[in-house]
Amino acid sequence: MKIARIAGTGRGVPDKVLTNADFERMVDTSDEWITARTGIKERRISSDDEALSDFAIPAAQRALEMAGIEGSSVDLVIVATVTPDTSFPATSTQVQDAIGAVNAAAFDLSAACTGFIYGLGVAESMIQTGAVETTVVIGAEVLSKIVDYTERSTSVLFGDGAGAVVLRADEGERGLLGVAMHSDGSLGHLIDRPVGGSRRPLTKERADGDRGYIRMRGNETFRVAVRSLADVSNEVLDKCGVSPANVDWFIPHQANLRIIDAVGQRLEIPEGRTYVNVERYGNTSAASIPIALDELNRDGKIAEGQLVLLSAFGSGLTWGASLIRW
Ligand code: UT7
C-alpha cells in the first residue's frame with residue numbers, strides 16, 4: 001500500500017501582534033494572569049482587510065515550493081477551518097486557484113481545532129486507495145474575526161494564521177504511519193458559536209447584541225482536553241506499535257501551556273521533546289499544529305526517520321492524533 005509522505009511544509013501568519021500588555025488596556029486582565037493560566041504572551045491578529053485565504057495561500061505556496069512541486073500536479077486541496085473567507089464558495093477553491101492547482105478537487109473541512117488532523121486522515125486514506133497522489137492540507141483560522149474583544153475570558157486566548165503540508169504518495173517507510181479521529185457531539189456546548197449558522201442566522205437585530213462570538217466553558221473543556229489528547233495519542237501509538245519513549249517530537253494542539261504540560265506528563269514523553277509555541281501565537285485552532293510543524297521543519301530540528309506525534313482537540317467535540325515517520 002502507498003504511504004502519504006510529507007514533502008513540504010509552509011506557514012502564513014499576520015504581521016500584527018497583540019501582546020498581553022495590549023490586552024491590559026482593553027479588558028480587566030493582566031500579563032500575570034494570562035501567562036500563569038495559559039502560557040500565552042502574544043498572538044498574531046489579522047487586520048480588518050485581511051481574510052483566511054491571505055494566510056492559507058502563502059502557507060500552501062511555501063509548502064509547494066519546499067516540495068518542489070508545481071500547482072498543476074496537485075490532485076486535492078483541503079482547507080480545515082471554521083473561519084472561511086465566505087460560507088461559500090469554499091476557501092479551498094480560492095487556494096486552488098491561487099496556487100494554480102488546475103487539476104485539483106478542493107473542499108473545506110470543519111472540525112475546529114482538530115481540523116488539520118482530520119485533513120491528514122482524509123488525505124492519507126485517499127492516497128492509500130490511489131484516488132489521489134498529491135494533496136495540500138492546510139489548517140487555517142482567523143478566529144479574531146469571531147472573538148468578543150470586550151470579554152476577557154475568551155479574547156486573550158486566540159490568534160490567527162495558517163499552516164500547510166504537501167502530502168505525496170510514496171513507496172518507502174517515511175510518511176503517515178497512522179491517524180486516529182473521534183467526535184462527541186453531546187459536548188458541543190462546551191465550545192461553540194451559536195449565532196451565524198442556519199439555526200440562528202446573523203440578522204441585523206442579533207448583530208447589535210450577540211455578534212456571533214465564540215463561547216467556551218474553559219474549565220470543563222480543559223479537563224476533557226487533557227484526557228482526550230492523552231487517550232488519542234496513546235491510541236495511535238499503540239496502533240503503530242510505538243512507545244511514547246520513542247517519540248522524537250510531540251506537537252500537541254497549542255491551546256494552553258498547562259494542557260500541553262499535563263498531556264506530556266500523562267504520556268511520559270521524554271523531557272525536551274514537546275514542541276511549544278503557544279507563547280507567540282496563542283490558540284490558532286486548526287492552524288496550530290501545521291504552524292508548529294513548519295517552524296520545527298524550517299529550523300532543521302526534525303531529522304529524517306524521526307517519529308513525530310501530532311495530537312489535537314477542539315469544538316465538536318472532536319479530537320485526533322497522527323504519527324509520522326519523518
Ligand atoms: O482549542 C480548543 C480547546 N480549548 C481549550 O482547550 C481551552 C481549555 N481551557 C483553558 O485553557 C482554561 O480553562 C482557560 C485559560 C480558558 C481559563 O483558565 P482557568 O484556570 O480554567 O480559569 P477559570 O475559567 O476557572 O477562571 C478563573 C478566574 C475567574 O474569576 P473568578 O470567577 O474565580 O473570580 C475568571 O473570571 O479567572 C477569571 N478570568 C480572568 N482573569 C483575568 C477569566 N479570564 C480572565 C482574564 N484575566 N483574561
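**Sheet pairing and helix packing**

Gly175 stands opposite Arg325 in strand β13, strands (E, at least two residues) and helices (H or I, at least four) being DSSP runs numbered from the N terminus. The model is a predicted one, in which local features need pLDDT of at least 70 and side-chain atom pairs count only at pLDDT 80 or more, whereas totals for chains, interfaces and linings use all residues. Residues are numbered from 1 along each chain as its sequence is written, and side-chain values use heavy atoms, with hydrogens and water left out.

Strand β8 and strand β13 (residues 318-325) pair in the antiparallel sense over eight bridges, pairing requiring that DSSP finds at least two bridges between two strands. Both belong to an open, mixed sheet of four strands in the order β8-β13-β12-β11, whose edge strands, β8 (175-183) and β11 (249-252), each pair on one side only.

Helix α5 (residues 115-129) packs on this sheet and touches β8, β12 (307-314) and β13, contact meaning heavy atoms within 4.5 Å. The direction of α5 makes about 120 degrees with that of β8; axes are lines fitted to C-alpha atoms, for helices over the stretch in contact, and angles run from 0 to 180 degrees between N-to-C directions. Helix α11 lies across β11 and β12, running at about 150 degrees to β11.

Helix α11 (residues 288-298) also packs with helix α3 (residues 53-67), at an angle of about 35 degrees and with the axes 13 Å apart. In this contact, Arg62, Ala63 and Met66 of α3 meet Asp294, Asn297 and Arg298 of α11.
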